[in-house]
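Biologist: Before we look at any details, please show me the model. I would like to learn how to read it one feature at a time.

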Amino acid sequence: MRESRLKLGAGYVALGVISLLFIIPFIWLIRSSLMDLSQIFVMPPEWIPHPFHWDNYKRALTSLPFGTYFVNTLVIVASVLIGTVLTSTISAFGFSRIRWKGRDAVFAVLLSSMMLPGAVTLIPSFLGWKELGFYDTYYPLIVPSFFGGGIFNIFLLRQFYMGIPKDFDEAAVVDGAGYFQIYWRIILPLSRSAVIVVALFTFLGTWNDFMGPLIYLKSDSRFTLALGLQMFQGSYSAQWDLLMAASAVVILPCVVIFLLGQRYFLEGITLTGLKG
Amino acid sequence: MQTNIPMNAPVPVRRKAGVRERKALFYGLLFTAPAVLGFILFTAGPMIASFVLSLTDYNVFKESVSFIGFDNYARLFSGQDESFYRSLGVTFYFVVLRVPACIIISFIIALLLNMNIKARALFRTIIYLPSIVPAVASAMIWMWLLNPDLGLINMMLKWLHLPTSDWIFSEKSVIPSIVLTTLWGIGGTVIIFLAGLSGIPKQYYEAVDVDGGGWYHKLRHITIPMVTPTIFFNAVMTIISSFQVFNEAYILTQGGPNDKSLFFVFYLWRTAFRDTEMGYASALAWVLFVIILAFTFLVFRSSKSWVHYEGGGPS
């Protein structure tokens, strides 16, 4: 589509303004995290820290056991990633590359749970885990990921698997391969990018999860970063320099992961949205 | 659909196909077992349990549990529980404000990104980036930006001699302020719109060019009808997520000031985990479930009159 110069120019201006609005909170975060409290509050606002207070980060990170929170979060994230990638790919294979009676009906039932508000299953799940003696452990946060890793991920992978030509499997069958071999040697390597999409979304979802840890974890020593950051806010409510430094540290891994896998993110969102 | 006849099947096709079918069924069930078990254990089971719980007076501190029929529901709708009505009102207000704002703004941004511009990837990255920020950190940033005395937004407003606001600290502006903070994270919706827009065949626009139609004609008669399936998808997703807002209420306001941001799920959480009234909270959960179901159903029903699928009816 060709556009007039005037229209293009207006487009650039609008996008520039919108981008600025989206990015200002980040700049404000970084700038506040590196400032002295006295400079933070100067009117009109100053944008460049003078001097740079890198020690804000040290003070923020040592005032609470953020190291422990970081390790806790990593343990949960890594376990959830393993569970999700393993079981969502296997399940998606069963829902796309094997033709069995009732397959699509079963899948439709599972898919309908995507519409289900999490609040409905929250209380019985909590009571169940508590009854089993797993309150204040990581099991309630990790174990479900080993059971399919969420229907959203299965849906995404299934979409991708259905696009792989059937000839690939048939050739393998002629060579005497079973379903497991087809899954492991053909479909999995061919769907690398879809698996990366699932892994990226899972990483972010778990890293950012707030309600899960809030409900299932009680001891400070078991807290995740998200929970720790919220607690930090409770005790340092007016110290915006430290709060912003701690927030920046919690955000940083997400930004790095996103920038590294950006291509896959966009692909993944498009893959799920298009079928709408 | 492809036919089911195996490619290199020998003569006794029927028997062989039966064996094959049984084998496929066995492996199909085996491969999908994790997902199916997960659905039973973590979705269907808890859902039924939640309904059963909603018929009891289960309280964590009480030793005995008794079946009380629909008393919890009667109590909900009897009018004694003011917080219930408050939380419904707050949540509806939020949904009514957020869903159209989110759809319209992300559609406009997607339209801009879909223009023949350079540096599209850069703009797209900047707009998507906030949606990966953890909710707690995002709440922290907004609390600081919206701080009435020292936050950037009020400072800027003062500097421009415009009226300031107490944002999340005032009863009147708390919900619009929370809507504003969630609009920072609309990147995902924008990307889905962008995918929908890029799927529109170029010839359609060229046809309008030939007829001498301007941009308004293109928008009104091609772009909008062609992206109605995407609008529909985004609307359903945004409605479902807006009804379930929790993090913002918990971190930014704790339901305040004066319960003016008592979101439904926050009230549910408070009932279940602070007041430990699990039975009553389960009834709340089911009410939410029915509301979301009803809304989704309404949107689906209405979609027949405004969503256009290529090549006729919905697939």
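Modeller: Start with a loop: B:P257 sits between helix 11 (247-253) and helix 12 (264-274) of chain B. Helices (H or I, at least four residues) and strands (E, at least two) are DSSP runs, numbered from the N terminus. This is a predicted model, in which local features need pLDDT of at least 70, side-chain atom pairs count only at pLDDT 80 or more, and totals for chains, interfaces and linings use all residues. Residues are numbered from 1 along each chain as its sequence is written, while chains are lettered from A and ligands numbered from 1 in the order in which they are written.

Biologist: What kind of peptide bond joins B:G256 and B:P257?

Modeller: That bond is cis, with omega about -10 degrees. Chain A has a cis bond as well, from A:H50 to A:P51, where omega is near -5 degrees. A:P51 is in the loop between helix 2 and helix 3 (55-63) of chain A.

Biologist: Which residue has a positive phi although it is not a glycine?

Modeller: B:A119, with a phi of about 60 degrees. B:A119 is placed in the loop between helix 3 (82-113) and helix 4 (120-128) of chain B.

Biologist: How should I read the confidence values?

Modeller: pLDDT is the predictor's confidence in each residue, from 0 to 100. Where pLDDT is low, the predicted coordinates should not be read in detail. Chain B averages 89, and 93% of its residues score at least 70. For the complex, the predictor gives an ipTM of 0.89 and a pTM of 0.89.

Biologist: How many helices and strands does chain A have?

Modeller: Chain A has 15 helices and zero strands. Its radius of gyration (taken over C-alpha atoms) is 23 Å, well over the 19 Å from the globule rule for 276 residues, so chain A is more spread out than a compact globule. That rule is 2.2 Å times the number of residues to the power 0.38. The C-alpha trace of chain A spans about 75 × 65 × 35 Å along its principal axes.

Biologist: What does the domain assignment of chain A give?

Modeller: Domain bounds come from an automatic or database domain assignment. Here that gives domain 1 (5-53) and domain 2 (63-274). Their C-alpha centres lie 33 Å apart. Two residues are in contact if their C-beta atoms, placed from the backbone, lie within 7 Å; eight residues of domain 1 and six of domain 2 take part. On the domain 1 side, helix 1 (5-33) and helix 2 (37-40) of chain A each supply at least two residues, and helix 1 has the largest share, four residues.

Biologist: How many residues does each chain bring to the contact between chains?

Modeller: Chain B brings 77 residues and chain A 78. Helix 1 (residues 13-53) of chain B gives the most to its side, with 20 residues. The chain B side divides into 62 nonpolar, 14 polar and one charged. Ala, Val, Leu, Ile, Met, Phe, Trp, Tyr, Cys and Pro count as nonpolar, Asp, Glu, Lys and Arg as charged, and the others, Gly among them, as polar.

Biologist: At what angle do the axes of helix 13 of chain A and helix 5 of chain B cross?

Modeller: Axes are lines fitted to C-alpha atoms, for helices over the stretch in contact, and angles run from 0 to 180 degrees between N-to-C directions. Helix 13 (residues 225-235) of chain A and helix 5 (residues 135-145) of chain B cross at roughly 25 degrees, their axes coming within 9 Å. The two helices are therefore roughly parallel. Angles under 35 degrees count as roughly parallel, over 145 as roughly antiparallel, 65 to 115 as roughly perpendicular and the rest as oblique. The contact is made by A:A226, A:L229, A:Q230 and A:Q233 on one helix and B:V136, B:A137 and B:M140 on the other.
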